[in-house]
Amino acid sequence: MNAPTADRMPALFLSHGAPPLVDDERWVGQLERLAADLPRPRQILVVSAHWEAAPLTIGATDSRVPLTYDFWGFPDRYYRTTYPSPGAPDLADRVAGLMPSGEQVHRDAERRLDHGAYVPLTIMYPDADIPVLQMSMPTLDPACLMRLGERLTELRDEGVLIIGSGFTTHGLPFLDDPSPGATPPQWSVDFDEWTRERFAAGDVDGLLDFAHRAPGMPYAHPRTEHFAPLFVTLGAATRADAVPEQPIDGFWMGLAKRSIVTA
């Protein structure tokens, strides 16, 4: 993997999966290699598909606040996962300060990392020794989320790793076989291939209009919250139309795990 220019951290879009994805050896290996190839972050800022709140809301900065176990029906061991990463109050202040004058920013001292944030981080940085902050998606509008990402870009020069955490396809209601090794349905394959091609072409306009242009819709995303974090990542990129690396691909439960690293 190519290192980012100078000391600037990259920005990532990760397909994070449900908690059992930590049992998928291929995904774990891919994510471990990705983390090993990155510069070590000073802090991490995560935007997850699992937190929509307007106006923009910044999560807890106290590491004693419990994780947000925002899933149901899984074995108990997934609810015993901990990730006691340090809080990042200074990063919370920086994020708030980067928003336009007069734009409301809320703080939620009771909401800490959800599984879209901590599940991949338990693999990437298992020592939980890097301060992590999560903020909400105030909208699902791709263009608005890109503008939000643009406001965050300078954080990358301060050692902050920006992660948009979602899933390249997330058509759970349309899965006939939800087993981890299931053959992916055609709508998932088609959407994933279209996305791969759009990334390879640096086609931001196409990605922004994915709901109308991408094959496999609306099955790939009956709601678009799992693709939406991508646009924060693209906005935070040095150039949104630059061709990103695609270090993670493949499928789990028939859903596309494609993930990118932007310079």
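Me: In this predicted model, what makes the crossing of H4 and H8 right-handed or left-handed?
Reply: H4 passes H8 in a right-handed crossing. The term applies when the near helix is turned clockwise from the far one by less than a right angle.

Me: Why are H4 and H8 called oblique to each other?
Reply: Helix H4 (residues 142-152) and helix H8 (residues 229-236) pack at an angle of about 45 degrees. Angles under 35 degrees count as roughly parallel, and 65 to 115 as roughly perpendicular. The pair is therefore oblique. The axes of H4 and H8 are 6 Å apart.

Me: How do you know which residues of H4 and H8 meet?
Reply: Contact means heavy atoms within 4.5 Å. On the H4 side, Pro142, Leu145, Met146, Leu148, Gly149, Glu150 and Leu152 take part. Their partners in H8 are Phe231, Val232, Leu234, Gly235 and Ala236. By class, the residues of this contact are nine nonpolar, two polar and one charged.

Me: What makes a residue part of the lining of the largest pocket, and which lie nearest its centre?
Reply: A lining residue has an atom within 4 Å of a pocket point. The largest pocket, with a volume of about 260 Å³, has 16 such residues, and Ala18, His50, His115, His170 and Leu172 lie nearest its centre. The lining comprises nine nonpolar, six polar and one charged residues.

Me: How many residues lining the second largest pocket are called charged, and why?
Reply: Three are charged, beside seven nonpolar and two polar ones. Asp, Glu, Lys and Arg count as charged, and the lining includes Glu103, Arg147 and Arg151. This pocket has a volume of about 170 Å³.

Technical notes
Residues numbered from 1 in each chain as written. Predicted model: local features only at pLDDT ≥ 70, side-chain atom pairs only at ≥ 80, totals over all residues. Heavy atoms only, no water. 1 Å grid on protein atoms, 1.4 Å probe; cavity = no way out; pocket = protein on both sides within 12 Å on 5 of 7 lines; lining within 4 Å. Points joined across faces, edges and corners; volume = space filled by probe spheres on them. Axes fitted to C-alpha atoms, helices over the stretch in contact; angles between N-to-C directions. Helix = DSSP H or I, 4+ residues; strand = E, 2+ residues; numbered from the N terminus. Parallel < 35°, antiparallel > 145°, perpendicular 65-115°, else oblique.
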